[in-house]
Number of protein chains: 2
Amino acid sequence: MSRQENQRSAPAPGEGYGGRRAAEIVGITYRQLDYWARTGLIVPSLATATGSGSRRRYSYRDLLEMRAVKSLLDAGIRLELVREVFGYLRENLHEDVASVNLVISGKRSVLVQTGDEIIDLLAKGQGVLNILPLASVKAQVDAAIIELYPATASDADAGVADSVATGTA
Amino acid sequence: MSRQENQRSAPAPGEGYGGRRAAEIVGITYRQLDYWARTGLIVPSLATATGSGSRRRYSYRDLLEMRAVKSLLDAGIRLELVREVFGYLRENLHEDVASVNLVISGKRSVLVQTGDEIIDLLAKGQGVLNILPLASVKAQVDAAIIELYPATASDADAGVADSVATGTA
DNA sequence: GCCTCGAATTACGTCGATGTCACTCTCCGG
DNA sequence: CCGGAGAGTGACATCGACGTAATTCGAGGC
């Protein structure tokens with residue numbers, strides 16, 4: 001939406017991330033990436049697969065989404081719920097990725113900034129709250145890129161390089 | 001642990017809840033109750049099954065635990081994680097059920113009282129937090145008992161009858 | 001333009017968490 | 001003491017979310 005990243009028939013090499021690379025960076029298996037792409041959970045936005053032998057191309061933003069999915073899975077959340085959430089998340093996710101928490105309350109999802117809002121939800125809501133700090137998602141992706149492919153680390157937009165110093169692997 | 005509720009060979013009729021009843025009150029299918037009992041997730045504490053034709057007997061506390069499980073499932077959490085959590089929960093669950101929140105942070109679980117503690121966990125933790133208010137669990141069980149079987153409603157210990165007024169079904 | 005390498009695809013298997021259904025056995029009332 | 005109702009059991013099927021292995025086919029190097 002900001003750069004010239006509309007679907008191009010031939011993305012420049014080195015632009016975006018291939019399937020295997022993306023899976024490695026995010027920390028999932030290739031099979032998961034493939035399954036997610038086929039079932040429409042995370043479709044590569046630079047280039048989708050067009051048959052055997054073609055290449056998927058994932059944007060940096062795609063990596064963030066995939067990492068968010070993995071974090072939710074690691075937290076014991078079913079993929080089914082993740083699917084529902086991401087419909088909402090994609091519409092409401094802007095550039096302020098690093099300062100927002102995703103809160104899943106039953107069927108609804110909200111993006112909140114402060115912890116006080118969470119306490120509000122806790123007081124009013126009857127059920128379970130699932131909270132994902134998006135800052136950690138970005139930090140983990142950036143750390144993985146730098147560790148695995150330092151050359152392409154420029155994809156992470158500038159100004160957040162300081163928050164990566166915590167990643168250790 | 002407080003009353004004389006050790007395993008008795010013949011529990012008095014009307015004491016505790018049978019399998020079908022328990023499932024109805026908690027709001028799960030009988031198959032789920034059965035599966036949970038077989039796999040050791042929630043074992044009826046008054047009388048376990050001893051073969052075809054025998055009867056399971058669930059205590060009120062069992063109902064609370066099952067309702068907690070259902071709430072977590074409804075929130076999109078995998079049963080596998082629930083199993084891990086309940087090992088901890090059973091050890092640390094006291095009479096203050098109505099004022100505590102269960103917080104699942106990765107592999108660890110904690111019981112917290114105030115919302116401030118949750119914000120602390122949010123700031124320090126890297127991953128997802130799952131929060132279950134136990135008060136709502138008790139409220140839902142009590143409401144269901146009163147609506148379905150008002151005669152046996154004395155099983156819910158006194159002093160909480162006021163908190164049931166919110167239940168509507 | 002061909003050839004190979006790597007990425008996608010297909011086919012098949014698996015495992016957990018149930019739904020369905022027929023069957024068996026215990027308990028309780030008559 | 002006997003019969004039926006109801007509760008647990010077993011066998012089988014299902015569905016999502018992958019794992020594994022073999023197969024295919026586009027894309028870039030020569």
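Q: What makes a residue count as being around DNA strand C, and which come nearest?
A: One of its heavy atoms must lie within 4 Å of the strand. In this predicted model, 22 residues are around DNA strand C, and A:Tyr30, A:Ser54, A:Arg56, B:Thr29 and B:Ser52 come nearest.

Q: Why is the pair between B:Arg31 and a base oxygen of DNA strand C called a polar contact?
A: A polar contact is a pair of N or O atoms within 3.5 Å; within protein, one must be able to donate a hydrogen and the other to accept it, and residues adjacent in sequence count only if both atoms are side-chain atoms. An N or O atom in the side chain of B:Arg31 is 3.1 Å from the base oxygen, so the pair qualifies. For a polar backbone atom of B:Gly53, the distance to a sugar or linking oxygen of DNA strand C is 3.2 Å.

Q: How do you know that the two copies are related as by a two-fold rotation axis?
A: Copies are superposed by least squares on the C-alpha atoms of residues with pLDDT of at least 70 in both. A rotation of 180 degrees, with 0.0 Å of shift along its axis, places chain B on chain A with an RMSD of 0.0 Å. The copies are thus related as by a two-fold axis.

Residues are numbered from 1 along each chain as its sequence is written, chains are lettered from A and ligands numbered from 1 in the order in which they are written, and side-chain values use heavy atoms, without hydrogens and water. Local features need pLDDT of at least 70, side-chain atom pairs count only at pLDDT 80 or more, and totals for chains, interfaces and linings use all residues.
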